[in-house]
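Subject: Structure for you to look at

Hello,

Here is the structure I said I would pass on. Please open it first and then read the notes below.

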Amino acid sequence: KAEYKEKTGQEYKPGNPPAAVTKQHASSTHENSATLDCKALYDKVAEQGEVVRKLKAEKAPKDQIGAAVEVLLSLKAEYKQQTGQEYKPGSPPVVSVPAQSSPVSTLPPSCPVDSKSLYSKVAEQGEVVRKLKAEKASKEQVDEAVKVLLNLKAEYKQKTGQEYKPGNPPSAPPCASSATLPSSVCCNNLGPSSLVDAKALYDNVAEQGEVVRRLKAEKASKGEIDEAVKLLLSLKADYKEKTGQDYKPGHPPVAQGSLPQASNAVPSGPDTTEAKALFNKVALQGDEVRKLKAEKAEKEKIDAAVKELLQLKAQYKSVAGVDYKPASASSADDKDKKKKEKENKSEKQCKQQKQSDGPKKEPLQGQSGNELSSNGPGEGQGPKKQTRLGLEAKKEENLADWFSQVITKAEMIEYYDVSGCYVLRPWAHAIWEAIRDFLDAEIKKLGVENCYFPMFVSQAALEKEKSHIADFAPEVAWVTKSGKTELAEPIAIRPTSETVMYPAYAKWVQSHRDLPIKLNQWCSVVRWEFKHPQPFLRTREFLWQEGHTAFATYEEAAEEVIKQMCFCFQKVMQILDLYAQVYEDLLAIPVVKGRKTEKEKFAGGDYTTTVEAFISASGRAIQGATSHHLGQNFSKMFEVMFEDPKKPGEKQYVYQNSWGITTRTIGVMTMIHGDNMGLVLPPRVACVQVVIIPCGITNTLSEEDKEALLKKCNEYRKRLLSVNVRVRADLRDNYSPGWKFNHWELKGVPIRLEVGPRDMKSQQFVAVRRDTGQKLTFSEHEAEDKLKQVLEEIHLNLYNRASEDLRSHMVVANTMEDFQKELDSGK
């Protein structure tokens, strides 16, 4: 701004560009000034139009929109008064040049200054259209933006005589001869084409800087900001490469005096600066496309990114005269290409299926999905296309990163915009359904009935049991408003349901004949933890079941809990044993049953029993499920009483228990069984126990053979479904067998069934175990029996492996010194 004031002698004002001044003709100055005022007014109308559109898009209040529209109409009326014509988007007022003006006062009409400005406007409007489509704006908004874009493109074509092409700004034509323009004007005011390119690049850097600032001001997501910053740095690097100097705001590139005639020639070929810059842009855009596909972004985003990639490649070809080829593959010899094709063909035919029955593991996962395509090199990524399908973190090196990648890439969860809350995808929810179905059937055998209580708790009810609320208080989420109205009393969202259910128990229990009460509910609870949230393990909302029982005597209540711990009678399978069964019989995880310390027991209870699992990768135990003996603490608070038949006229308080298990089970299963290739699902909770993948479908395979192979896959599927094996046939033709192997291995499917044309002829198939990688060849008619047997073997192997791990880390310490010594040794 200081430099602007120094050069023009006036303060910078938005929408008021400097007026053209010439010493020779004051009249022409007056005319230009008037036209520039019109131009400023035109820009103001355009800006106000943007304001109105933005307010409508944000659904602002009606009065606010009305005021903005009023300003817009006023500006349009003023514009019409000054120019004598209606305002039209993309049609700014044109500067009229007097016939008698001196040759120095004006550049020739073919100069690209106006064209460059119009080019920038087309690019900006294109961005607006793309943004509206990405945000799924209303059809009217998109149509209006497209209309403006088409008008701008038409005007651009009219001025330049050529179609608008992204990344191809209008180049400077050769300057007029010295008879028309002095040489000093030609070189210093217009400059060679390289200067115009540098100026365009300077403008691009400035625009991208604005984008970054806007995203930060709007507190956009970190991913969006990082992408914008990455593009800004790339543009700055291009600018430095072209001009030989760092980008500085307010210091556009200046021509360094007259250039020799040869400088007007435009160099071509892949070694030019422009070609190199474009080469880098193509590589970056290729990375962007791959990233969007790996993250399973919306189809519109991927299509837009692919379209931009193709445009950049076409632009590179027009500048360099050759097709774009990644640096690492540009001269990759035909031998290498043939070798790669041969490898892919070999893989598709599944030759490996007959080679080994031993525990030999395919190195597929570590290849990060390189088998996705056999069509040659990826964009700037070497001879193989990278999909980043596999895990990038190792379990033994970075457990937290590994866990995060497994649960997202295996499609178990999706992150949500409320911290600590997550979307349970079908792959994970199926595991919870298996646990729920088993446990629900078992507790009903014990006389437990299901019910549902509201999720809201009154403040008075929650605060009745002082020690209970004191422990939960920091984690309680409160509802304080209804719309814009403050509630008379805040309402809590249940962290657990003792205080929700027991007022009802007090109404229902009058006599000893009303006991025992055995109720359970499947629901979600909210605990607003301040510790770092982790999906499944520590979340602010989670699914669980909670059982609440009430008994007439201490002995009955204690018996339920004591039997749970297996300290005495084994007549009845009780709750804690059921929880142990969930872990051991369903999830193949051994657990230790025991009693919590006084400090760790349930708030308001007498004592807490628990099942604990061992996470070898972290060297720590983790709580699996709990059962609490509440004594009479809550019944005294909520007056849950009954008349004792042994003491007529005397009231007795009931004895109560509560018990629960949560979706933490899924996180524990993932951390114990998962490996560096992804999730490993125990067969009894796997959504899909067997996945069938056809192999050997090549260009040389006839249509009849292909149909026969797919038919055989469907036959296997039907046969396995008939014996209650959960099976899926992956018959997608847009992925190679190698990609499918990686995909289902990452998702932890226990058995992969491979079948190809040769297998059909031999009447056999290959089964690959997820837990060991072992390949087994079975006869076609044995499919049902053999696969069911292998599923049981996988469960047993997973359980034995985890049990051995637990035993090897468990010791008895009789003194504190021994205790510390064993801890230090990694026990």
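Glu-703, Glu-704, Glu-707, Lys-711, Lys-718 and Ser-722 are exposed on one side of helix α21. Keep in mind that this is a predicted model. On the other side from these exposed residues, the buried residues of α21 are Leu-709, Lys-712, Cys-713, Tyr-716 and Leu-720. Looking down the axis of α21, you will find its buried residues within an arc of 95°, so they line one face of the helix.

What covers the buried residues of α21? The cover includes the strands β15 (690–694), β16 (727–729), β17 (751–755) and β18 (764–769), along with the helices α23 (757–762) and α24 (783–808).

As for its dimensions, α21 runs over residues 703–722, which makes 20 residues. From first C-alpha to last it reaches 29 Å, close to the 28 Å expected at 1.5 Å a residue. Just after the helix, Asn-724 takes a positive phi of about 65°.

The other item is a sheet. It is open, has 3 strands in the order β4-β6-β5, and its pairing is antiparallel. The edge strands, each pairing on one side only, are β4 (456–458) and β5 (477–482). Neighbouring strands of this sheet are turned by 45° against each other on average, with direction ignored. Between β5 and β6 (residues 485–493), which run antiparallel, there are 5 bridges. Ala-477 stands opposite Ile-493 in β6.

Regards

Key. Residues numbered from 1 in each chain as written. Predicted model: local features only at pLDDT ≥ 70, side-chain atom pairs only at ≥ 80, totals over all residues. Heavy atoms only, no water. Pairing = 2+ DSSP bridges. Helix = DSSP H or I, 4+ residues; strand = E, 2+ residues; numbered from the N terminus. Axes fitted to C-alpha atoms, helices over the stretch in contact; angles between N-to-C directions. Expected span 1.5 Å × (residues − 1). Buried < 20%, exposed > 50% of the residue type's maximum accessible area, 1.4 Å probe, protein only. Arc of directions from axis to C-beta. Contact = heavy atoms within 4.5 Å.
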